[in-house]
Amino acid sequence: MKTYIIRRLLLNIPVLFLITIGTFGMLRLTPGDVVLAQMTDVGTIKKEDVEIIRKQLGLDKPFLQEYGHWVSKMFRGDMGRSLRGGYNVRDQLFHTLPISIELGIIAIIIGVLVGWPIGIISAIRQNSISDYIGRLFAIGGLSFPDFWLATMFVVFVPLYLGYLPRLSYIPLTEDPLANIQQFIWPGLIMGVRMSATTMRMLRSTMLEVLRQDYIRTAWSKGLRERAVLTR
């Protein structure tokens, strides 16, 4: 097991190298120039000004030298500054990380609370009306993209229900109730797909286990359904 873990960790090194160099190279191959994009609001663009900004951003260096400089800064924890906004990327990442973590936790909780009961009922009542409804829910949850559900919520909920959560972030430590009210809807939207995936996986796994010999033995001994399913 230890050898397997070490091997998998070592295999991540070339993968990370290919991902970083591919992403870094796309910025060079993509048509356009970030410096020109920054100066679009300026009336007159001088070539000297463009060269100065390119030198300040380090874009005047060869590709490999620029890539090596970027990698060395990443190992030191310096993620640089945004080419468009000018803000520190690391500070922005740590500022938004708690929001992403909280949203992910809420989505997981909703996915488990919704997906588990539907998956269990669908498995133990295979080919029944409840099973068909559960599978229909799973297909719909996997078919509707998250961004489409979010767009439908933003458009129709304020229009027909007159409700729109506060857009500015409310920290959990400042007002827990308002924070939960703010995150419950995006968490529900993200949890729909997760609950659909959880339901399908749980249903398939339960059906496989319910066909095992020891389960048939438990049924033949006259154990109740609740005992068989829970134990």
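From the N terminus on, the elements of the protein run α-α-α-α-α-α-α-α-α-α. That makes 10 helices and 0 strands, in a model that is predicted. The protein has 231 residues, and 22% of them count as buried. Its accessible surface comes to about 17,000 Å², with 67% of that area belonging to carbon and sulfur atoms.

Among contacts in the protein with a separation of 6 or more, 63% are accounted for by residues 24 or more positions apart. P117 is found in helix 5, which covers residues 89–124. With a relative accessible area of 39%, P117 is partly exposed, because its value falls between the 20% limit for buried and the 50% limit for exposed.

R203 also takes part in a salt bridge. The count of salt bridges in the model comes to 5. In one of them, R203 pairs with D131, and the closest N and O atoms are 3.0 Å apart. This pair links distant parts of the chain, since R203 lies in helix 8 (residues 176–210) and D131 in helix 6 (residues 129–143), 72 residues apart. R203 has a relative accessible area of 12% and is therefore buried; D131, at 0%, is buried as well. R135 joins these two residues, and D131, R135 and R203 are linked in a network of salt bridges.

The side chains of D213 and R216 meet at 2.4 Å, N to O. Both residues lie in helix 9 (residues 213–220), where they are 3 residues apart, about one turn of the helix. D213 has a relative accessible area of 53% and is exposed, whereas R216 counts as partly exposed at 46%. The two residues fall into separate classes because exposed means over 50% relative accessible area.

Terms used. Residues numbered from 1 in each chain as written. Predicted model: local features only at pLDDT ≥ 70, side-chain atom pairs only at ≥ 80, totals over all residues. Heavy atoms only, no water. Helix = DSSP H or I, 4+ residues; strand = E, 2+ residues; numbered from the N terminus. Buried < 20%, exposed > 50% of the residue type's maximum accessible area, 1.4 Å probe, protein only. Contact = heavy atoms within 4.5 Å. Areas by Shrake-Rupley, 256 points an atom, 1.4 Å probe, with all protein chains shown as cover. Salt bridge = Lys/Arg side-chain N within 4 Å of Asp/Glu carboxyl O.
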